[in-house]
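Please keep the sequence and the structure in view while reading.

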Amino acid sequence: MEYGMYNEIMEQPISLKRTIESEKEHLEQISEEYSKFDKIYLIGCGSSISTCYTIKDAIKTISTIDIDVQTGYEFVDNQYLEKDSNVGVILTSQSGETSDTLSALRKAKENNIKTVAITNEKDSSMAKEADEAVITLGGTELAILGTKTYVTQLFALYIIFFKMVKSERAEHVLEQLYTVPDLIEKLINSTEEKSKKIAEENKDVDLFYCMGSGLNFGLAYKLAMTMFMEGSLKHACPIYSGEFRHGLIERVEEGVTVVFLRSGDQPDEVTDRAIKFCENLKVNNIVFDLQEYSDIDPLLTPFVLIIPLEWFIYHLSIFNGEDPGSTRHIGKIRY
């Protein structure tokens with residue numbers, strides 16, 4: 001049986017290509033404008049905030065751009081703003097109707113702060129109310145995991161922020177960024193069987209710890225929060241690799257499962273130490289390593305690892321009798 005998520009996985013390359021064709025110049029213009037702000041707030045929830053975490057951690061390794069990532073209600077309830085201050089806000093949402101993110105947008109507008117919404121729905125409230133809207137052309141998504149939304153949102157954020165950084169590394173990343181749609185297409189076709197095997201081997205695991213260093217934490221957050229818990233209805237917890245020795249180290253033992261995300265660059269030193277420690281205790285380590293899939297710049301790792309992770313979650317759900325990407329409560333219950 002073919003589920004809706006399957007088609008959404010397959011449509012990621014064309015969604016990226018359409019978004020690039022439609023929004024590239026617009027994103028570069030936004031980059032130029034936002035480069036003049038003293039601080040930039042990135043607001044999102046669920047899968048969307050994971051893209052914000054990723055770009056923040058990627059950019060801080062090569063620049064001093066001041067980026068603050070917050071959830072919608074955190075920004076609304078806990079963030080002091082000065083009217084007309086030299087800051088900008090970028091908000092991310094698949095639907096453009098996420099209530100907490102929309103509330104954050106309205107708070108920024110009340111304080112006369114520049115807003116850009118990145119959304120998949122051109123007629124949404126966020127697209128209409130923000131000063132500018134970047135429309136990711138993935139089409140309405142039904143699977144809660146947000147496959148097309150994730151890669152197109154992340155792509156948009158990479159263009160905005162890496163265009164701000166005037167360095168050889170940033171230029172190199174941008175050059176490779178435009179090869180990502182074709183790379184994703186290859187990965188979709190080449191990684192399913194291996195990920196399906198990993199899913200079958202772990203179908204009876206109920207709790208997954210998800211760990212990554214630097215920019216891989218954003219992907220670990222998405223993996224735990226929206227892929228395992230929302231998508232395949234498994235318990236999961238995202239952890240920065242640097243925090244392994246402050247908590248999880250006392251819980252790992254034979255029978256515990258940890259998913260590690262690796263880029264193979266310097267920030268992974270702490271990840272590698274955690275992997276080795278877990279191996280010695282016969283922990284069930286599942287390692288998704290960039291170097292097994294591509295030789296692309298490590299700063300682009302999430303675009304690569306997301307594909308085998310999507311196949312993993314897709315088949316894990318099926319092995320447990322679930323419809324991948326379906327939900328029990330999200331969108332049905334308001335609180």
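The model is a predicted one. Phe217 is also classed as buried because its relative accessibility is 9%, again set against the limit of under 20%.

Phe217 and Tyr221 both belong to helix H11, which covers residues 216–231. They are four residues apart in the chain, about one turn of the helix. Their ring centres lie 6.3 Å apart and the ring planes meet at 55 degrees, so the pair is tilted. The reasoning rests on two cut-offs: planes under 30 degrees apart would be stacked, and planes over 60 degrees apart would be edge-to-face.

## A ring pair across the chain

How many aromatic pairs does the count come to? The total is 18. Among them is the pair of Tyr6 and Trp311, with 5.8 Å from centre to centre and 55 degrees between the planes, which is again a tilted arrangement. This pair links distant parts of the chain: Tyr6 lies in helix H1 (residues 4–10) and Trp311 in helix H13 (residues 301–319), 305 residues apart.

Is Trp311 buried or exposed? Trp311 is buried, because its relative accessibility is 0%. Tyr6, at 23% relative accessible area, is partly exposed.

## A cluster of rings

Ring pairs also join several residues into a cluster. The members are Phe155, Tyr158, Phe162, Tyr178 and Phe303.

## The whole fold

The protein contains 13 helices and nine strands. Its C-alpha trace spans about 55 × 40 × 40 Å along the principal axes. For 335 residues, a compact globule would have a radius of gyration near 20 Å; the protein has 19 Å, so the value agrees with a compact globule.

Of the 335 residues, 56% are buried. Among contacts with a separation of 6 or more, 79% are between residues 24 or more positions apart.

## Surface and charge

The protein exposes about 14,600 Å². Carbon and sulfur atoms supply 47% of that area.

How many side chains are positive, and how many negative? There are 34 positive and 54 negative side chains. The centres of the two sets lie 1 Å apart.

Conventions
Residues numbered from 1 in each chain as written. Predicted model: local features only at pLDDT ≥ 70, side-chain atom pairs only at ≥ 80, totals over all residues. Heavy atoms only, no water. Helix = DSSP H or I, 4+ residues; strand = E, 2+ residues; numbered from the N terminus. Rg over C-alpha atoms; globule rule 2.2 N^0.38 Å. Buried < 20%, exposed > 50% of the residue type's maximum accessible area, 1.4 Å probe, protein only. Contact = heavy atoms within 4.5 Å. Areas by Shrake-Rupley, 256 points an atom, 1.4 Å probe, with all protein chains shown as cover. Lys, Arg positive; Asp, Glu negative; His and termini not counted. Charge placed at Lys NZ, Arg CZ, Asp CG, Glu CD. Phe/Tyr/Trp six-rings, centres within 6.5 Å; stacked < 30°, edge-to-face > 60°.
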